[in-house]
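Hi,

Here is the model I promised to pass on.

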Amino acid sequence: MNVATIERQLNSIENTTNVSIAPQPTVFTNIYRNNINIAVWQRNLSSELTHEIETFLSDNPTFRKSISLSPETVREELDLATQRKLPKALVENIAQLVDMFCCLFDLKEVGLRLTALNNAMCPRFHVDHIPCRLVTTFHGTASQWLPNDKVDRTKLGHGNNGLPDETSGLYQQHSDIEQLSTGDVALFKGEAWAGNENLGIVHRSPATLPNEIRLLMTLDFC
């Protein structure tokens with residue numbers, strides 16, 4: 001098989017998929033490709049960070065904070081907004097992601113939401129009417145999504161006729177559902193991205209396990 005044939009096959013695969021996944025953060029640049037509406041950086045959190053987050057959630061099981069901040073002031077703003085409650089390792093991790101997100105989209109500020117959850121915040125599959133959102137679960141079960149070729153978008157919202165996602169025809173079988181892992185960082189391209197109308201990533205919050213507390217962070221355009 002020659003190089004030209006391999007390239008044609010790779011291009012064919014790329015044109016039929018809407019996801020780009022890699023163990024390096026450089027995967028984020030693929031969100032600018034027209035056919036991609038979810039880019040995932042697969043990463044493992046350090047044992048130090050995981051332990052500090054578990055301790056933090058044990059002491060702060062209902063923690064919620066939403067603020068706007070910039071890459072230059074993210075550490076100071078987080079310390080001020082949380083009365084220095086957040087573990088230092090978590091603050092540094094968040095600062096890195098804020099810097100990446102702002103650099104990727106040439107933003108001066110982002111809207112950050114950091115929330116401890118013991119139930120599904122958005123239990124139904126849906127799309128967001130935004131340009132793009134960064135999503136990561138620092139602790140607990142991570143978000144779920146549906147590939148473009150596995151979803152019937154006419155069954156979103158009122159199109160479900162009051163039926164649960166599982167029986168509405170939105171997708172055909174449970175194995176169609178994809179799921180992020182704890183620590184993964186994903187870019188969810190929304191309906192407001194230029195040229196992405198009716199192609200926003202279809203996703204939902206996962207069902208939580210008994211006594212489970214998730215720690216979810218999102219970054220949005222301000």
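Predicted model: local features only at pLDDT ≥ 70, side-chain atom pairs only at ≥ 80, totals over all residues.

First, the cores. The largest nonpolar core has 43 residues, and the ones touching the most other members are Ile94, Leu112, Phe138 and Leu187. Helix α4, residues 88–105, gives the most to this core, with 10 residues. Another core lies apart from it; that one has 11 residues, including Ile38, Ala142, Phe188 and Leu216. As a general point, nonpolar side chains in soluble globular proteins tend to be buried together.

Leaving out residues up to four places away in sequence, Leu112 touches Lys65, Ser66, Ile67, Leu69, Leu78, Ile94, Val98, Met217, Thr218 and Leu219.

Next, the aromatics. The count comes to nine aromatic pairs. One of them is Phe28 with Trp41: the ring centres are 6.1 Å apart and the planes stand at 85°, which is over 60°, so the pair is edge-to-face. This pair links distant parts of the chain, since Phe28 is in the loop between β1 (19–22) and β2, Trp41 is in strand β2, and the two are 13 residues apart. Is Phe28 buried or exposed? Phe28 has 5% relative accessibility, so it counts as buried. Trp41 is buried too, with a relative accessible area of 9%.

Phe56 and Phe63 make another edge-to-face pair, at 5.2 Å centre to centre with 70° between the planes. Both of these residues are buried. There is also an aromatic cluster, formed by Tyr32, Phe101, Phe105, Trp193 and Phe221.

Two of the tryptophans mentioned above have a charge over the ring. The charged end of Arg43 sits over the ring of Trp41, 5.3 Å from its centre. Over the ring of Trp193 sits the charged end of Lys189, 4.7 Å from the ring centre.

Last, the loop residue. Leu45 is placed in the loop between β2 (38–41) and α2 (47–59). Leu45 has 17% relative accessibility and therefore counts as buried, the cut-off being under 20%. Which residues is Leu45 in contact with, once neighbours within four places in sequence are left aside? They are Thr50, Asn93, Phe138 and Gly183. Phe138 is also one of the residues that touch the most other members of the largest core.

Cheers

Definitions and conventions: Residues numbered from 1 in each chain as written. Heavy atoms only, no water. Helix = DSSP H or I, 4+ residues; strand = E, 2+ residues; numbered from the N terminus. Buried < 20%, exposed > 50% of the residue type's maximum accessible area, 1.4 Å probe, protein only. Contact = heavy atoms within 4.5 Å. Core = buried A, V, L, I, M, F, W, Y, C linked by side-chain atoms within 4.5 Å. Phe/Tyr/Trp six-rings, centres within 6.5 Å; stacked < 30°, edge-to-face > 60°. Lys NZ or Arg CZ within 6 Å of the ring centre and 35° of its normal.
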